[in-house]
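Here's a quick tour of a chain and how its pieces pack. Have a look at the fold before reading on.

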Amino acid sequence: MKISEEIKKSKKNIYVSKAWNKRTDNKINKLLREEGEEYTVFILKTLYRSLKDDIKTTLVQYINGIIKNQPKNEIIKETVKEDIIIVEAEIVEDKNNNAKEKPKEDPLVKVLLNWYDKMPQEEKEEIRKEAINKYLEATGTKKMTKNSSKDLQFN
């Protein structure tokens, strides 16, 4: 849903709409599948903002140039920094308003889970395996049981 809305917004730029074709759709689908929704939305927003003249090559090549100049890991780092700043502001505000009450959910955990959700599937799997190994080391067990896997919740 979010991607289709961003595509519509991007096509409001006359130069984007002129150059848009089936190959561009395929490129956007590939980006969505491999890099995730957040990065694809970033690419579409960049297309909308930055195109001010006719494209001399193809829109796919233009998208590839954006990808080359704005790697995904930099975009995620910026997003996480913004999220952490917002969370820190919420914590300070919460401490001032409710000094006696403790927050029900740790806001930093919320940021980390959002960051994890934005990662590609391969990276998620690596982190999951590493977390299981660390859990096994910490508990001194050789394999995970059904009860211990409930302690670790992964998507």
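This is a predicted model: local features need pLDDT of at least 70, side-chain atom pairs count only at pLDDT 80 or more; totals for chains, interfaces and linings use all residues.

Residues are numbered from 1 along each chain as its sequence is written, and side-chain values use heavy atoms, with hydrogens and water left out.

The chain holds nine helices and zero strands (DSSP runs: H or I of at least four residues for helices, E of at least two for strands, numbered from the N terminus). Of its 155 residues, 27% are buried, meaning under 20% relative accessible area with a 1.4 Å probe, protein chains only. Accessible surface (Shrake-Rupley, 1.4 Å probe) totals about 11800 Å², with 51% of that on carbon and sulfur atoms.

Now for α4, residues 37-50: its 14 residues reach 20 Å from first C-alpha to last, close to the 20 Å expected at 1.5 Å a residue (1.5 Å times one less than the number of residues). Its buried residues are Y39, T40, V41, F42, I43, L44, T46 and L47.

Then there's the α3 and α5 pair. Their axes, lines fitted to C-alpha atoms over the stretch in contact, come within 9 Å and cross at roughly 30°. The two helices are therefore roughly parallel (angles under 35 degrees). The residues that meet (heavy atoms within 4.5 Å) are these:

| Helix | Residues | Contact residues |
|---|---|---|
| α3 | 22-35 | R23, T24, K27, I28, L31 |
| α5 | 59-69 | L59, V60, I63, N64, I67 |

Methods:
Buried means under 20% relative accessible area, exposed over 50%, partly exposed in between (1.4 Å probe, protein chains only). Axes are lines fitted to C-alpha atoms, for helices over the stretch in contact, and angles run from 0 to 180 degrees between N-to-C directions. Angles under 35 degrees count as roughly parallel, over 145 as roughly antiparallel, 65 to 115 as roughly perpendicular and the rest as oblique.
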